[in-house]
Amino acid sequence: MYRDLGYYWLHLAIYITLCLCVGAIFHDIGFSFGSIQAIGSRLMFVAAFLTFMAIGGFPSFVEDMKVFGRERLNGHYGVGAFVVGNTISSIPFLFMISLILGAIAYYLVGLQKSLGHFAYFVILLFTTMILVESLMMTVASIVPDFLMGIITGAGIQGVIMLNGGFFRFPNDLPKPFWRYVMYYIAFHKYAN
């Protein structure tokens, strides 16, 4: 996977560029009452958009699914081994991305300087990224067409973002489906 320029290295370059932009725009916004909205907006951008970028890995998932389909028919390994292997092989890259992006997005903005807060931020970014990668792997297994898969994955993430508690407060979400089902499924709720 590391040899795929589009999957790893272009992702890394785009992520770093976006985090530098976030750091420059929100640099040293302070901790006053007026900066609360700016801090919330920055955290939402990092939690939502940077994880949203994981749909760029969809072409690699489609290629992996083609190889897996042939190897499964030949009896080399099953679905469980493929899912576990794919997840384990992506963990180092996702953790590296989370650490680099976390350092840029966290310290350029000037959030709290403790190592514990930074570690929590990086772990949260890592878990949301691995969750979105898993979501896109699931979409790739259901919708093997490249364009329809990207559209489906983007649509699912858009619905999840809308129900995460940033755009509308949980008490303002319509009941029962949007508040009691989608709000608790939305992983951005936990990131926010």
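Helix α3 (residues 58–73) and helix α5 have axes that come within 9 Å and cross at roughly 50°. Axes here are lines fitted to C-alpha atoms, for helices over the stretch in contact, with angles from 0 to 180 degrees between N-to-C directions. The model is predicted: local features need pLDDT of at least 70, side-chain atom pairs count only at pLDDT 80 or more, and totals for chains, interfaces and linings use all residues. Residues are numbered from 1 along each chain as its sequence is written, and side-chain values use heavy atoms, without hydrogens and water.

| Pair | Axes come within | Crossing angle |
|---|---|---|
| α3 and α5 | 9 Å | roughly 50° |
| α4 and α5 | 8 Å | roughly 140° |

α4 is therefore oblique to α5, and α3 and α5 are likewise oblique to each other. Angles under 35 degrees count as roughly parallel, over 145 as roughly antiparallel, 65 to 115 as roughly perpendicular and the rest as oblique.

In the contact of α3 with α5 (heavy atoms within 4.5 Å), Phe58, Phe61 and Met65 of α3 meet residues of α5 including Glu133, Met136 and Val139.

The largest nonpolar core has 27 residues, of which Tyr15, Leu50, Ile97, Leu101 and Met129 touch the most other members. Such a core is a set of buried Ala, Val, Leu, Ile, Met, Phe, Trp, Tyr and Cys residues joined through side-chain atoms within 4.5 Å, where buried means under 20% relative accessible area (1.4 Å probe, protein chains only). A second, separate core of 18 residues includes Ile55, Val62, Val132 and Val139.

Note on methods:
Buried means under 20% relative accessible area, exposed over 50%, partly exposed in between (1.4 Å probe, protein chains only). Helices (H or I, at least four residues) and strands (E, at least two) are DSSP runs, numbered from the N terminus.
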